Amino acid sequence: MKITLTKAEMLRRRRIAGGLEPLRADCAIEQTDGIDIDAVLELQLRQWYLDLLDKGSVSEVAPSNIAASVEISAVSGNPGGTVLTPPEMCRRVFAVKLKGWLRAVEVEPASEAERIIQLQSNPYTAATAAHPVAVATGGASGGRASEILAWPAATQALTVTAAIDPGEDYYTFDESALASMPSTQILLEI
């Protein structure tokens, strides 16, 4: 089930997993050593979440359809096609379906781009509405998803299934991903 948690809710779950909560009311132990445990946990959680968005399985990520926020432009010349530019918050695109296509297709990795572009130049191997193709262009930086080249060309995206980062204050994912959340005893690591 897809869930969205605030930073405070995620921090509480992480504190429980690390043995820092629930707090006992019948005793008190205080330690002052200048380490902000919550700041360390927040950094750890943010890194875990970004890693989940970038490398996690589709089922754990619980992707969203971002078709309405994707910029679309035509590629001139041979072999033509369509360029999809995901928004800034997009970390990874899983599948695409453009207007006129009969089905959605998984986005091929950037390592396949040259081969797929060559196939589009031949009328016998070019993509069709029944057998469309989409490939990442690579070259994206800062965690942002790269542009997507798609064939046959179209002017509208119907479905763009992607992993998005809602920012540092929210975590959206499938509940099953909580099992991969770091849970080590933070006090033993410091």
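Reader: Is Ala150 buried or exposed, and what is its relative accessible area?

Author: The model is a predicted one. Ala150 belongs to strand β8, which spans residues 148-151. Buried means under 20% relative accessible area. Ala150 is therefore classed as buried, its value being 0%.

Reader: Which residues is Ala150 in contact with, leaving aside its neighbours within four places in sequence?

Author: Ala150 lies in strand β8 and is buried. Once its neighbours within four places in sequence are left aside, its contacts are Gly81, Thr82, Leu84, Leu98, Trp101, Val133 and Ala134.

Reader: Which strands stand at the edges of the sheet?

Author: The sheet is open, has mixed pairing and contains eight strands, in the order β2-β9-β5-β6-β7-β8-β4-β3. An edge strand has a single partner, so one side of it lacks a neighbour in the sheet. The strands in this position are β2 (64-65) and β3 (71-74).

Reader: What angle does helix α2 make with the direction of β5?

Author: Helix α2, residues 37-55, packs on the sheet. Its contacts there are with β5 (90-98) and β9 (157-164). Relative to β5, the direction of α2 makes an angle of about 30°.

Reader: How do β7 and β8 run, parallel or antiparallel?

Author: Strands of a sheet pair through backbone hydrogen bonds, in either of two senses. Strand β7 (residues 133-136) is joined to β8 by four bridges. Ala136 stands opposite Ile148 in β8. The two strands run antiparallel.

Reader: At what angle to β7 does helix α4 run?

Author: Helix α4 comprises residues 113-120. It lies across β6 (105-108), β7 and β8. Its angle to β7 is about 145°.

Reader: With which residue does the side chain of Thr85 form a polar contact?

Author: Thr85 lies in strand β4, residues 82-85. Its relative accessible area is 16%, so Thr85 is buried. Leaving aside neighbours within four places in sequence, Thr85 is in contact with residues including Val70, Glu71 and Arg144. The polar contact, of 3.0 Å between side chains, is with Glu147.

Reader: What arc do the buried residues of helix α1 cover around the axis?

Author: In α1 (residues 7-17), the buried residues are Met10, Leu11, Arg14 and Arg15. They lie on the same side of α1, because the arc they cover is only 140°.

Note on methods. Residues are numbered from 1 along each chain as its sequence is written. This is a predicted model: local features need pLDDT of at least 70, side-chain atom pairs count only at pLDDT 80 or more; totals for chains, interfaces and linings use all residues. Side-chain values use heavy atoms; hydrogens and water are left out. Buried means under 20% relative accessible area, exposed over 50%, partly exposed in between (1.4 Å probe, protein chains only). A polar contact is a pair of N or O atoms within 3.5 Å; within protein, one must be able to donate a hydrogen and the other to accept it, and residues adjacent in sequence count only if both atoms are side-chain atoms. Contact means heavy atoms within 4.5 Å. The arc is that of the directions from the helix axis to the C-beta atoms. Two strands pair if DSSP finds at least two bridges between them. Axes are lines fitted to C-alpha atoms, for helices over the stretch in contact, and angles run from 0 to 180 degrees between N-to-C directions.
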